[in-house]
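This briefing covers a contact between two chains and the surroundings of one residue. Please look at the sequence and the model before reading on.

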Amino acid sequence: MPMTSSGRFASVLPILTVVAAIVAIWYSAAIGMNGKWARDQAARAEITLSTSELIADTWSQERPVLPVPHQVLGELWKTTGEMVLKGRAFSKRSLIFHGWITLSATLLGFVFGTGAGILLAVGIVHNKAMDMSVMPWAIASQTIPILAIAPMIIVVLNSIGIQGLVPKAIISAYLSFFPVVVGMVKGLRSPDAMQLDLLKTYSASGSETFWKLRLPSSMPYLFTALKIGMAASLVGAIVGELPTGAIRGLGARMLTGSYYGQTIQIWSALLAAAILAASLVGIISMIERRMLKRMGAKT
Amino acid sequence: MSETVIEAKNLDLTFQTNDGPIHALKGVDLNINKGDFVSFIGPSGCGKTTFLRVIAALEHPTGGEITVNGMSPDEARRNRAYGYVFQAAGLYPWRTIGGNIKLPLEIMGYSKADQAAKVEKVLELVDLAGFEKKFPWQLSGGMQQRASIARALAFDADLLLMDEPFGALDEIVRDHLNEQLLKLWARTEKTIGFVTHSIPEAVYLSTKIVVMSPRPGRITDVIESTLPKERPLDIRDTPEFLDIAHRVREGLRAGHAYD
């Protein structure tokens, strides 16, 4: 039998099927979850709703328990694309503005976290005392709920006059350094005994071993760690916006949304955060592919 | 009388392990002269690799004396006395073949022009001219091992130490590489120390065969080969070859290698 579908279509079809299933489940769940409110309202107004009226109502409420995809997308468009068209992309009502606030904290935190993670990993691999002492603390740091420590970081830094972007970036770095430490320690230790012996036969120094063998060997581990670290940075930046009553950023949008029962606003901020995370991780994947290709990876 | 490159006297090496001491080498006496092709043969645990690693200063003896070019192994290594070929090619996958051969040259501080010239020279020696820009995965196992030999030759050490370099390759490739190695040895006049556990390989390649046996690791026989320097592959069917192979086998038996 001849193949009727092209390779590309064959790989897109399963993805679309899953998306369609999720959307279908979402819409039907909204009927159940928003139905009570719709019926209560109808009872109060002493009218009875037909099934189709009920469904239409559950999909178009202003403050639904579960907003449906077209409401979330509509809100997302209203607060991004439409604002751009009006030339107000950076107004306080625009998600682009709030997204940028969160993104800048995420990126700064990612740089802090990655830098600290790599430095710690280099120390752990080269220094026995650090190997014994740092790792347990790094692990302990991740067992503390970030929600508990985030307000303290902000209060402490505020008392020494540091406000705004930096405290959020530090909370974000607090989450993102850990995968980088773990990944880089593993990566820097990945050369086997034979590869290390080879450099010994050249009487290579510790720094030559690091630059010529350990660091290049660790690249695949580093990129895996960076992808996890990037997602963690975003979570950290959002969490950093919650306990401070911040009025700017995606975290602030979620918070104010929950104060006023603006579920559609919460969901659109959630979706924006997800899109942001996916794009950032996608960018790292792209750099990874380029880099590993230059390092001779099979294509 | 030719000049002595390696001189070992009553050499001992004992590893301390949780199961008690392991005598990897005990009372090893051996002289290797310049231009020799010396094979070390014996079963696992006989100390043949350990001995090679002692020469390379990758292990340090716990007793006795050893000199390489009249110096301690550590000094000799700092003076770039030897190139070492491991069982696996161990090429860096992120470097091209040329880049891999440059690795020791970069560490030893050769100029860029020198590096390029040497890469070209050794690639030609191992018959890999034109493969400089390829990555290791683009080469077969045998070619990768040849590249690793080129890497060991790059900085002009007079001594080449090879630890079962063809152990992981199939017999046909192995035959071919053995033939090439002999040609390379004749052209470069290096001294070669070669660890193997193949009797035909040891007999075919060597001017001197050192038979070793385990527990404790020691030398049971040293056979000076009577084969001519010029050795086509079918020399392995001559009575002279078979005689030497027989003596190697006897040496292994005497050391209880077959128990």
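The model is predicted. Chain A and chain B bury about 2,000 Å² between them, and the contact draws on 20 residues from chain A and 22 residues from chain B.

**Interface of chain A and chain B**

- Carbon and sulfur atoms account for 67% of the area buried between chain A and chain B.
- The rule finds 2 salt bridges across this interface.
- A salt bridge joins the side chains of D197(A) and R53(B), with a distance of 2.8 Å from N to O.
- Polar contact across the interface of chain A and chain B involves 4 residue pairs, with both residues at pLDDT 80 or more.

**The side of chain A that touches chain B**

- Two or more residues each come from α9 (193–201) and α10 (206–241) of chain A.
- Helix α9(A) gives the largest share, 7 residues.
- Sorted by class, this side of chain A has 9 nonpolar, 5 polar and 6 charged residues.

- S218(A) is part of helix α10 of chain A.
- S218(A) counts as buried because its relative accessible area is 0%, and the cut-off for buried is under 20%.
- Apart from neighbours within four places in sequence, S218(A) has contacts with M184(A), G187(A) and L188(A).
- At 2.7 Å, the side chain of S218(A) reaches the backbone oxygen of L215(A).

Note on methods
Residues numbered from 1 in each chain as written. Chains lettered and ligands numbered in written order. Predicted model: local features only at pLDDT ≥ 70, side-chain atom pairs only at ≥ 80, totals over all residues. Heavy atoms only, no water. Contact = heavy atoms within 4.5 Å. Buried area = accessible area lost by both parts, 1.4 Å probe. Salt bridge = Lys/Arg side-chain N within 4 Å of Asp/Glu carboxyl O. Polar contact = N/O pair within 3.5 Å; in protein donor to acceptor, adjacent residues only side chain to side chain. Helix = DSSP H or I, 4+ residues; strand = E, 2+ residues; numbered from the N terminus. Nonpolar A, V, L, I, M, F, W, Y, C, P; charged D, E, K, R; others polar. Buried < 20%, exposed > 50% of the residue type's maximum accessible area, 1.4 Å probe, protein only.
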